[in-house]
Amino acid sequence: MRHRPAYDATITAFDYAAPVDQLLLQLKFGARLALAPLFAQLLHAAIEQQSRWDAPQLLCPVPLGPARLAQRGYNQALEIARPLARLLDVHLQPRLALRVRETRAQSSVTPQERQANLAHAFAIAPQHVALLQGCHVGIVDDVMSSGHTVNALAAACKRAGAAKVSILVVARTPPRQR
């Protein structure tokens with residue numbers, strides 16, 4: 001990476017590889033919502049293994065755009081964030097961030113197009129900006145591949161006044177595959 005990311009830390013439970021990848025796809029596209037609490041528990045276990053874990057003050061799931069949310073019927077990041085917030089005893093802010101521009105699925109664009117695809121895609125809801133002043137935010141998502149999605153959301157949080165942003169994802173694409 002040539003540029004430092006907007007986020008300060010990343011914790012992941014798994015590499016995005018079999019069999020976890022197939023289970024995440026079932027959650028994301030197969031409406032297997034019962035998998036979300038399991039993923040939250042596994043991510044919580046990974047967090048607890050961190051010796052220098054600094055708990056965020058609030059959790060923010062990566063928001064879907066209105067069209068994708070209507071099509072899917074749920075946000076898999078929010079479904080993971082709900083039980084994770086309870087396990088961490090951290091406040092969940094499901095409407096903190098907004099996807100203000102519909103984007104193509106990151107999996108459908110080339111690695112070179114991913115950053116541009118997410119440019120200006122996220123904003124912090126005006127009524128929640130005060131919450132972020134000097135705050136440590138935990139962004140929750142199911143999968144992190146190139147990191148452009150979480151980086152764009154972390155940058156929006158920092159512009160709104162967040163002091164620190166940690167990324168909490170169930171699975172991350174191994175470096176050799178990014």
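**Close-up views of a predicted model**

**Figure 1. Surroundings of Gln 76.** Beyond its neighbours within four places in sequence, Gln 76 makes contact with Leu 27, Lys 28, Leu 64, Asp 141 and Asp 142. The model shown is predicted. Gln 76 belongs to helix H4, which covers residues 76-88. The relative accessibility of Gln 76 is 3%, and the residue therefore counts as buried, the cut-off being under 20%.

**Figure 2. Helix H4, its length and its cover.** H4 is mostly covered, with 10 of its 13 residues buried. The buried residues of H4 are Gln 76, Ala 77, Leu 78, Glu 79, Ile 80, Ala 81, Pro 83, Leu 84, Ala 85 and Leu 88.

**Figure 3. The two ends of helix H4.** Where H4 starts, the backbone nitrogen of Ala 77 has a side-chain oxygen of Asn 75 within 2.8 Å. After H4 comes Asp 89, with a positive phi near 55°. Asp 89 lies in the loop that leads from H4 to strand E3 (91-92). With a relative accessible area of 73%, Asp 89 is exposed, since exposed denotes values over 50%.

Figure 4. Most peptide bonds are trans, and most residues other than glycine have a negative phi. The peptide bond between Ala 18 and Pro 19 is cis, with omega at about 0°. Pro 19 is placed in the loop between strand E1 (9-15) and helix H1 (20-30). Ala 31, a residue other than glycine, has a positive phi near 55°. The loop that holds Ala 31 runs between H1 and helix H2 (35-48). A relative accessible area of 46% makes Ala 31 partly exposed.

**Figure 5. The chain as a whole, for context.** The chain contains 7 helices and 7 strands. Read from the N terminus, these elements follow the order β-α-α-β-α-α-β-β-α-β-α-β-α-β. The chain has 178 residues, 49% of which count as buried. Its accessible surface amounts to about 9,200 Å², and carbon and sulfur atoms account for 52% of that area. Of the contacts between residues at least 6 apart in sequence, 78% link residues at least 24 apart.

Key: Residues are numbered from 1 along each chain as its sequence is written. This is a predicted model: local features need pLDDT of at least 70, side-chain atom pairs count only at pLDDT 80 or more; totals for chains, interfaces and linings use all residues. Side-chain values use heavy atoms; hydrogens and water are left out. Helices (H or I, at least four residues) and strands (E, at least two) are DSSP runs, numbered from the N terminus. Buried means under 20% relative accessible area, exposed over 50%, partly exposed in between (1.4 Å probe, protein chains only). Contact means heavy atoms within 4.5 Å. Accessible areas come from the Shrake-Rupley method with a 1.4 Å probe; for residues, only the protein chains shown count as cover. A polar contact is a pair of N or O atoms within 3.5 Å; within protein, one must be able to donate a hydrogen and the other to accept it, and residues adjacent in sequence count only if both atoms are side-chain atoms.
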